[in-house]
Amino acid sequence: MTSTRLPASLDQTLRRLWTLSSFTYSLRVFLALGSVMALCWQLGDMSKLTPLFLGIIASALAETDDSWKGRLQALLVTLICFTVAALAVELTFSHPWWFVVGLAVSTFGMTMLGAVNQRYATIATATLILAIYTMISIEQRGGVSMGELWHEPLLLVLGAAWYGVISVVWCVFFSRHPIKLSIAKVFRELGVYLQLKATLFEPLRGMDVEGQRLALAQQNRRVVEALNQAKEMIFRRLEHQNGRAKLNRYLRLYFIAQDIHERASSSHTPYGELAETFFHHDILFRVQRLLNQQGQACKALSKALLLNRPFDHSQSAQALEDLHASLDHLRAQQRSEWLGLLRSLNALADNLATLEARLASAYNPDALAEDEDNSLYDRSPNGWRDIAERIHQHLTLSSPIFRHALRLSVTLTVGYGVLHWIHPTQGYWILLTSVFVCRPNFGATQRFLRQRIQGTILGLVAGWALITLFPAESMQALIAVVAGVAFFATRARRYTLATAFITLMVLCCFNQVGDGFGLIWPRLFDTLIGAAIAGLAVMLVLPDWQGRNLHQQAAFTLTNSAAYLREIVAQYAQGKRDDLAYRLARRNAHNADAALAALLGNILQEPGHFRRDVDIGLRFLVHSHTLLNYLSALGAHRGETRLDQTQDKQLLECVESVAAALETLAAQLTERHPIELDDSQWEVEANTQDTLAEEAPEDAKRLLQIQLALICRQLGPLSKTSGKLVAGAGP
């Protein structure tokens, strides 16, 4: 017999589809929806279709990444929450006052679970959505029947359980596939970061370095988010299994990515000075080409991981050789005025050479040393007491989670009141729209509001056309399944399309048991009302204008940078070791930098009055990210020299003074006190470090002092922008 193989083009297409996280997610949804549709069609009872579909959707929305054991535990918790929510709606639906009190209290409580962690927040949100699905189903059948009180909740929970079973079984067989996708995403984002970094070495005079640094800070946020996601995925699987041998490959790739990130984000000298000095030489072009090729190598590694293909980084290896040859040529000229910058270029070349070696090690991460500290920091709650403490910490008006919980409760209560005031047909879509649209900040709410309305209109038009063109119930059933799958395939990145697809699915499902055409105008009307209520709520009910938090996030960034600096210098004194304490300090510094970039992105979407400080904030981000770049360079060169408490006392005192100054500046920002930082003092200190660097007996010690001088010179711009933030901070 001859083995049958797929055509090459089809095989390639399937392999690429398998590398998309949305594809596997959508495939699970397709299996759940398709099987339920087939069952209802076989039984000839399409009345059960809508609640089963809604249960599947709610369960899919509650899904979080985990090992199969963790996912099974989460599924059991989800089903319990769904059962309680559905029964509570059934019992109180005919008693409006009890219902509205329960709606407000449960909405507040479930939203506050977001203070625990993202897993709890996801399950709580899905539970709230299922409760509204229960209301829609009750309204569709004309009210609550005490004799069939259990019927609707049972169908909703059965649908949710069926998807949960598919999800758990899927995870048993493909538990590590999401990690592979996540690690690949990390290297892809690192590739983009390196190629953006390459633009800083464009041999041009008068280049907009500040604008390019801002773009780097924004891309750094994406890298940090990808690293955090990969870390959580790996940790969730490690905590639910005894042996970690099968995960060691991905764990080492994660640590390689962390090291590459630190080296990629390093800065060794002001770029404008390099461009001015070496304008007529090819050294900057060589650095730029190497960074660009290393960025392409990171992207190639990402694809190699996804497609199980060989990884080739020969182009970046050749670019590294060319850089060393160019450096040798410059050194051979022995020009004294180049001496300081050549030392920085040597350090840069060494850093990029190590980065290249780390890239090469990613080809076979299993060959790395076993004696490294591979522990990961556990951010998940440790027992019920920890859960209670986390929630208690957020029971204050200053907490964004508390404000959002209260705002969402008011939104749904007002929506319920409007529903009873005007008695619209299918009025509970008002509440569902408000839940999906009302977000923790103004910018996100406005964006989802606009996309929800656009998507609903698009979905209703498409639904009207398709129901008209294909009146056969079997065809409409197929369209419903396809639309449901498309919703999950697009909801992460194209919410307008996702809304259109879910609207189309609802129309086709309701048309199986009633008049889908009669749902078109109520759905549009209710969507507009729900969106309007959510839009007003985010502006009027404890509005969380992001600009008011700018000074606090800026302070948080400086505090973490100070902690990172102390941890780096401790490693210079005690010896290089990538232990948990060091990696945690580095990750906290980058997380704070990414949070500041995200905050500024949200401010840019707010009304003009509330983004009056955004220009100052963007300049602060440039300076704070530049500081982080200089710190990363210090971290990248750990292990090349050792500091002695006696011989290097002056240097260590300078480090402690810088860290203390950063903490003082952070405290003044937090309390909105006038900024008191002597710029001239730090310029003198920077000059002192430059002088000591010229007298240093070894290159590694010289590099440390040069980087300290760069850090000292960054304190002046940071203090000036901090002073402007304090002066411009709103009440």
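By class, 5 nonpolar, 5 polar and 2 charged residues make up the lining of the largest cavity, where Ala, Val, Leu, Ile, Met, Phe, Trp, Tyr, Cys and Pro count as nonpolar, Asp, Glu, Lys and Arg as charged, and the others, Gly among them, as polar. The model is predicted, so that local features need pLDDT of at least 70 and side-chain atom pairs count only at pLDDT 80 or more, while totals for chains, interfaces and linings use all residues. Residues are numbered from 1 along each chain as its sequence is written, and side-chain values use heavy atoms, with hydrogens and water left out.

The largest cavity has a volume of about 120 Å³, and the residues that line it include Ser59, Glu63, Arg71, Ile123 and Tyr163. A cavity is a set of points on a 1 Å grid over the protein atoms alone where a 1.4 Å probe fits but cannot get out, and lining residues have an atom within 4 Å of a point; grid points are joined across faces, edges and corners, and a volume is the space filled by probe spheres set on the points. Helices α3 (49-62), α4 and α7 each supply at least two residues of this lining, with the largest share, 4 residues, coming from α4. Helices here are DSSP runs (H or I, at least four residues), numbered from the N terminus.

Glu63, one of the residues lining the largest cavity, also meets Arg28 in a salt bridge (2.9 Å, N to O), a term for a side-chain nitrogen of Lys or Arg within 4 Å of a carboxyl oxygen of Asp or Glu. Because Arg28 lies in helix α2 (residues 21-43) and Glu63 in the loop between α3 and α4, the pair ties together parts that are 35 residues apart in sequence. Both Arg28 and Glu63 are buried, that is, under 20% relative accessible area, whereas exposed means over 50% and partly exposed in between (1.4 Å probe, protein chains only). Arg119 forms a salt bridge with Asp66, the closest N and O atoms being 3.0 Å apart, and this pair links Arg119 in helix α6 (residues 118-141) to Asp66 in the loop between α3 and α4, 53 residues apart. Asp66 is buried, with a relative accessible area of 0%.

Elsewhere, the side chains of Arg286 and Asp282 meet in a salt bridge (3.1 Å, N to O); Arg286 is partly exposed at 23% relative accessible area, and Asp282 is partly exposed at 34%. Glu262, Asp578, Arg586 and Arg638 are linked in a network of salt bridges, and the count of salt bridges comes to 19.

The surface also carries a nonpolar patch of about 820 Å² of accessible area together, whose members include Trp68, Leu72, Trp162 and Phe173. Patches are made of residues with over 30% relative accessible area and no salt bridge, like charges being joined within 9 Å and nonpolar side chains (Val, Leu, Ile, Met, Phe, Trp, Tyr) within 5 Å, and accessible areas come from the Shrake-Rupley method with a 1.4 Å probe, only the protein chains shown counting as cover for residues. Helices α4 (68-92) and α7 (151-173) each give two or more residues to the patch, and α7 gives the most, with 5 residues. Phe173 lies in α7 and counts as exposed, at 63% relative accessibility.

Methods:
1 Å grid on protein atoms, 1.4 Å probe; cavity = no way out; pocket = protein on both sides within 12 Å on 5 of 7 lines; lining within 4 Å.
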